Amino acid sequence: MAKLIVVSNRVTLPEGRVLRAGGLEIAIKSALSRAPAGMWFGWSGKVAVQPQALQARTLAHDGILYRVTDLSEEDFNEYYNGFANRVLWPILHYRLDLAEFSRHDLSGYMRVNTHFARQLRQVLEPDDYIWVHDYHLIPLAWALRNLGCTQRIGFFLHTPFPPQEILIGLPNHERLMRDMLGYDLIGFQTADDAYNFSRYLARQLGLPIHDFTFRTDERTVMVAAFPVGVETEKFARMAQRTQHAHFVKNMLKSLGNRKLIIGVDRLDYSKGITYRLQAFERFLLNNPQWRSAVTYLQITPKSRTDIPEYAVMDRDVGATVGHINGTYGEVDWTPVRYVNRPYSRAALSGLFRTARVALVTPLRDGMNLVAKEYIAAQDPEDPGVLILSQFAGAAQECKAALIVNPYDQDNVGNAIAQALAMPLDERKSRHKLLYDAIAKNDISLWAERFLSLLMRDPVSGGGFVPLRA
Ligand code: ADP
Ligand code: F6P
């Protein structure tokens, strides 16, 4: 029987599962649940102590096979911390200024992709389908093709794809982008990302796209946008149940009558947390009537802590929180509660439901699932208000949110005041539009649309989002 093999850098093993923030896991599980036979392949999350742990091992759980390999310390530093997270991550988020390129890291990145390909090939059957996720694994299709694999291979980029003017700042960009040509289907979060990619192909590689496809000597490659969704109804039900949990009730009790503003993000510079805190400070400065009447809860588990840019950010956010609390706090009021730990999805859903305002203001984000989860969690009869960055992929679908420029403190500060004062009728009508948008494109549809295209022969048009909305 043909298997669907999903490949991502990190695999969440069913045993010894630790809470971790990140949007990929739910999406992958949804994809695997649609196939009669499925395997999730990638890194175990461990750095190998014994060399034999570099050989992939397979375990089965709930009808899914998990095949994982450890990484050596050198691989972890060069591939994950180095090229993936200090070069590709900043560049894909338009931050060429933060990219730290080194040839060692590039060769570590290529080496791990080759290692993954070899370990994967051992279990490949001729009619399997392979779906590769995210920027860690751009060259994987070519690495597999070089080993003689002819299966259909799809790729989905969870991050933004920047305009070619930024991408060409990456040394050896042509080599990496040519590696994308080993895929049969390439998916992006938004029509703008797909457009940026197609413009790169035409201008830099001389491969214009027609009818959502381009042709190389070896294959016909389809390119399209597949905006990733959340488990809308399931998340809504979970939030409805969890609002009555002790944990949520205790939190509400600790607030007194204050309204709750919430932010939930990994500690990552792309999320714009320092700018957001500064905008909250601007709001307090310009709206003294709200002082002592709101609490801003920012839940931010640490992420990629070995990387210097993340350590700098950690200090900046901590210092900004301290500054705001020191300047505006009272003996009985702390304006910002800052928490660095992960929570279960259920706990987050309950907190979202109780928050009158959500601040989702990334400087750049492929999609941002927190925005969609917040919408799903609201009580339709008394919903909260989403303040959403114009630079999040989610803004293309969530037009009824208060859309802001995250760099503009007055704009975000005024949006907070507007959200807190918004009449119930307006909150309800905005929420209905938002909920309908995310229900129409939930996570199961996302996986279905991608897989149905991957699993059929190349055709043009029909059933997917065009390159330009
Ligand atoms: P990214 O993938 O860049 O981290 P997304 O917003 O797309 O950003 O996805 C983040 C996912 O991680 C969401 O599903 C969110 O609920 C989850 N998450 C964020 N913060 C936490 C946290 N403190 N505890 C647990 N999960 C979290
Ligand atoms: O696309 C965002 C992403 O890189 C996902 O792959 C992952 O879910 C999340 O960020 C967390 O990143 P990491 O695996 O580096 O902790």
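## Ligand contacts and helix packing

In this predicted model, a backbone N or O atom of V370 lies 3.4 Å from an oxygen atom of ligand 1. That is a polar contact: a pair of N or O atoms within 3.5 Å; within protein, one must be able to donate a hydrogen and the other to accept it, and residues adjacent in sequence count only if both atoms are side-chain atoms. Local features need pLDDT of at least 70, side-chain atom pairs count only at pLDDT 80 or more, and totals for chains, interfaces and linings use all residues. Residues are numbered from 1 along each chain as its sequence is written, chains are lettered from A and ligands numbered from 1 in the order in which they are written, and side-chain values use heavy atoms, with hydrogens and water left out.

**Ligand sites**

Ligand 1 is surrounded by 17 residues, with G22, G23, R266, Y343 and E373 the closest. A residue is near a molecule or strand if one of its heavy atoms lies within 4 Å of it. Ligand 2 has 13 residues around it; R10, R20, Y80, D134 and R304 come nearest.

| Residue atom | Ligand atom | Distance |
|---|---|---|
| R341, backbone N or O | ligand 1, nitrogen | 3.3 Å |
| Y343, backbone N or O | ligand 1, nitrogen | 2.8 Å |
| D134, polar side-chain atom | ligand 2, oxygen | 2.8 Å |
| Y135, polar side-chain atom | ligand 2, oxygen | 3.4 Å |
| R304, side-chain N or O | ligand 2, oxygen | 2.9 Å |

**Helix 12 and helix 13**

The axes of helix 12 and helix 13 come within 8 Å and cross at roughly 65°. Axes are lines fitted to C-alpha atoms, for helices over the stretch in contact, and angles run from 0 to 180 degrees between N-to-C directions. Helices (H or I, at least four residues) and strands (E, at least two) are DSSP runs, numbered from the N terminus. Helix 12 and helix 13 are therefore roughly perpendicular to each other. Angles under 35 degrees count as roughly parallel, over 145 as roughly antiparallel, 65 to 115 as roughly perpendicular and the rest as oblique. The crossing is right-handed, meaning the near helix is turned clockwise from the far one by less than a right angle. R345, S349, F352 and R353 of helix 12 touch V370, E373, Y374 and A377 of helix 13, where contact means heavy atoms within 4.5 Å. By class, this contact has four nonpolar, one polar and three charged residues.

**Helix 8 and helix 13**

Helix 8 (residues 232–242) and helix 13 (residues 369–377) have axes that come within 8 Å and cross at roughly 60°. That makes helix 8 oblique to helix 13. The crossing is right-handed. T232, F235, A236 and A239 in helix 8 meet E373, A376 and A377 in helix 13. The contact residues divide into five nonpolar, one polar and one charged.

**Helix 9 and helix 12**

Helix 9 (residues 246–255) packs on helix 12 (residues 345–354) at about 35°, with the axes 9 Å apart. Helix 9 passes helix 12 in a right-handed crossing. F247, V248, M251 and L252 in helix 9 meet A347, G350, L351 and T354 in helix 12. Ala, Val, Leu, Ile, Met, Phe, Trp, Tyr, Cys and Pro count as nonpolar, Asp, Glu, Lys and Arg as charged, and the others, Gly among them, as polar.
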